[in-house]
Amino acid sequence: MAMFFKGDKVEVCSKEEGFLGSYYQAKILSPLNDNTLYRVQYKNLIEEEDQTRPLVEIVSADEVRPVPPPVTFTKATQVFHYLDSVDAFDNDGWWVGKITGRQGSKYWVYFETTRDEIAYPVSRLRHHLEWRDGHWILANNTFF
């Protein structure tokens, strides 16, 4: 498990019902309890009571990962294929889904957790990467 420090930019994987499979950008405010917990401030989520303030929470270390590196593609390879695992930016976070089709410049993404299928422009999609043992892994097990 990675250790994070004050100021590190991270993503927090929600384990709450209705939010499973979503990642939210945040920064570490402080490590707690020997780095088993982190106090984070979200980039796009706000406090319910005061909607002018970013949401701050304490999360478990197993819910935190580094921000994925940008995956660079040439124009010819910046395409997604049927059943590719992707993250779609929606509702202030990145949601894990699978490509199910293409219509013009948009790709259809199916979300298993909600059973929704939604079309997105390529600008709101990224290849899904998993953080395992200190490495980024594409769905086809390619290491970064």
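**Aromatic pairs, strands and charges**

Author: Phe4 and Tyr38 are both buried. Please bear in mind that this is a predicted model.

Reader: What kind of aromatic pair do Phe4 and Tyr38 form?

Author: Their arrangement is edge-to-face, with 5.7 Å centre to centre and 75° between the planes. The pair links distant parts of the chain, since Phe4 is in the segment before S1 and Tyr38 is in strand S3 (residues 37-46), 34 residues apart.

Reader: And Phe80 with Tyr107, what is the angle between the planes there?

Author: The planes of Phe80 and Tyr107 are at 85°, and the rings are 5.3 Å apart centre to centre, which is again an edge-to-face pair. Phe80 lies in the loop between S5 and S6, while Tyr107 belongs to strand S8, and 27 residues separate the two.

Reader: Why is Phe80 counted as buried?

Author: Phe80 has a relative accessible area of 9%, and buried means under 20%, so Phe80 qualifies. Tyr107 is buried as well, because its relative accessible area is 3%.

Reader: How many aromatic pairs does the whole structure have?

Author: A search of the whole structure gives seven aromatic pairs.

Reader: Let us turn to the strands. Which strands pair with S7?

Author: S7 (residues 93-103) is joined to S2 (residues 22-32) by two bridges. Six bridges join S7 to S6 (residues 85-90), and five join S7 to S8 (residues 106-111). The S2 and S7 strands run antiparallel, as do S6 and S7, and likewise S7 and S8.

Reader: Which residue stands opposite Ser22 in S7?

Author: Trp95 stands opposite Ser22. For the other two pairings, Asp90 has Gly93 in S7 as its bridge partner, and Gly101 is partnered by Trp108 in S8.

Reader: How many residues lie between S6 and S7 in their hairpin?

Author: Two residues lie between S6 and S7, and in that turn Asn91 has a positive phi of about 50°. The hairpin of S7 and S8 also has two residues between the strands, and there Gly104 takes a positive phi near 65°.

Reader: Now the charges. How many salt bridges are there?

Author: The count comes to five salt bridges. One of them is between Glu11 and Arg126, whose closest N and O atoms are 3.0 Å apart. This pair links distant parts of the chain: Glu11 is in strand S1 (residues 9-13) and Arg126 in strand S10 (residues 125-127), 115 residues apart.

Reader: Are Glu11 and Arg126 buried or exposed?

Author: Glu11 is buried, and Arg126 is buried too.

Reader: Where in the chain are Asp62 and Lys15?

Author: Asp62 sits in the loop between strand S4 (54-60) and strand S5 (64-66), whereas Lys15 sits in the loop between S1 and S2, 47 residues apart. They form a salt bridge with the closest N and O atoms 3.0 Å apart. Asp62 counts as partly exposed because its relative accessibility is 46%, and Lys15 is partly exposed at 48%.

Reader: What is the salt-bridge partner of Asp90?

Author: Asp90 pairs with Arg124, the closest N and O atoms being 3.6 Å apart. Arg124 is partly exposed, with a relative accessible area of 31%.

Notes:
Residues numbered from 1 in each chain as written. Predicted model: local features only at pLDDT ≥ 70, side-chain atom pairs only at ≥ 80, totals over all residues. Heavy atoms only, no water. Pairing = 2+ DSSP bridges. Helix = DSSP H or I, 4+ residues; strand = E, 2+ residues; numbered from the N terminus. Salt bridge = Lys/Arg side-chain N within 4 Å of Asp/Glu carboxyl O. Buried < 20%, exposed > 50% of the residue type's maximum accessible area, 1.4 Å probe, protein only. Phe/Tyr/Trp six-rings, centres within 6.5 Å; stacked < 30°, edge-to-face > 60°.
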